[in-house]
Amino acid sequence: MFSFFTTNEANSALPDVIKKYEYALAKNAEVKKIEQELQISISTSNSFESYVNLKQKLNSAITKFYESVEILENTGVVVKSIEQGLLDFPSKRFDEEVWLCWKYGETEIKFWHEKDSGFMGRKPIEVSDDTLV
């Protein structure tokens with residue numbers, strides 16, 4: 001179900017979001033590891049059996065990764081980049097739709113940006129900023 005976040009709501013959801021993000025990040029790392037194994041297998045092995053088994057393992061890992069992203073986005077956040085650790089929470093500033101922006105490693109939501117500007121357009125949330133819904 002879609003909803004807009006206030007800064008307080010986003011910060012309250014953050015511990016759960018971080019846990020789910022870290023799980024998705026681990027699943028992404030698994031996919032990358034198996035992809036490397038598959039590349040090595042192609043160049044070093046003549047065995048179709050080994051290749052097919054690794055390919056099936058990769059398919060399963062990719063499925064689990066996308067399931068983890070779905071679980072993460074079911075919290076209401078939007079994943080902008082798993083690799084860079086960028087997640088956005090939909091919000092409103094006055095009547096304008098904006099993103100509350102979080103980067104992995106940050107302990108709270110401190111920035112926002114307009115819909116059409118990304119991470120580089122982040123602006124700090126003022127302590128007394130009650131313009132964000």
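# Chat about a predicted fold

Me: Glu106 first: buried or exposed, going by relative accessibility?
Reply: Glu106 counts as buried, because its relative accessibility is 19%. The cut-offs are under 20% relative accessible area for buried, over 50% for exposed, and partly exposed in between (1.4 Å probe, protein chains only).

Me: Before I go on, what kind of model is this?
Reply: It's a predicted model, where local features need pLDDT of at least 70 and side-chain atom pairs count only at pLDDT 80 or more, while totals for chains, interfaces and linings use all residues. Residues are numbered from 1 along each chain as its sequence is written, and side-chain values use heavy atoms, with hydrogens and water left out.

Me: OK, where does Glu106 sit?
Reply: In the loop between strand 3 (96-103) and strand 4 (111-114). Strands here are DSSP runs of E with at least two residues, helices are runs of H or I with at least four, and both are numbered from the N terminus.

Me: And what is Glu106 in contact with, leaving aside neighbours within four places in sequence?
Reply: Ile18, Cys101, Phe111 and Arg122. Contact means heavy atoms within 4.5 Å.

Me: Switching to the helices: at what angle do helix 1 and helix 2 pack?
Reply: About 160 degrees, with the axes of helix 1 (residues 7-44) and helix 2 (residues 48-73) 9 Å apart. That makes helix 1 roughly antiparallel to helix 2. The axes are lines fitted to C-alpha atoms, for helices over the stretch in contact, and angles run from 0 to 180 degrees between N-to-C directions. Under 35 degrees is roughly parallel, over 145 roughly antiparallel, 65 to 115 roughly perpendicular, and the rest oblique.

Me: Which classes of residue make up the contact of helix 1 with helix 2?
Reply: There are 17 nonpolar, four polar and seven charged residues. Nonpolar covers Ala, Val, Leu, Ile, Met, Phe, Trp, Tyr, Cys and Pro; charged covers Asp, Glu, Lys and Arg; the others, Gly among them, are polar.

Me: How many residues are in the largest nonpolar core?
Reply: It has 26, and those with the most contacts inside it are Leu72, Ile82, Leu87, Phe89, Leu100, Trp102 and Ile109. Such a core is a set of buried Ala, Val, Leu, Ile, Met, Phe, Trp, Tyr and Cys residues joined through side-chain atoms within 4.5 Å.

Me: Which elements give two or more residues to this core?
Reply: Helix 1, helix 2, strand 2 (86-93) and strand 3. The largest share, eight residues, comes from helix 1.

Me: What does Ile109 contact, leaving aside neighbours within four places in sequence?
Reply: Thr7, Ala10, Asn11, Leu14, Phe89, Leu100, Cys101, Trp102 and Ile125.

Me: Now Lys103: where is it found?
Reply: Lys103 is in strand 3 and counts as partly exposed, at 28% relative accessibility. Not counting residues up to four places away in sequence, Lys103 touches Gln84, Gly85, Leu86, Phe119 and Arg122. Lys103 and Asp88 are 15 residues apart in sequence and 8.7 Å apart in space, C-alpha to C-alpha.

Me: What about the phi of Phe94?
Reply: Positive, about 55 degrees, although Phe94 is not a glycine. Most residues other than glycine have a negative phi. Phe94 is in the loop between strand 2 and strand 3, and counts as exposed at 58% relative accessibility.
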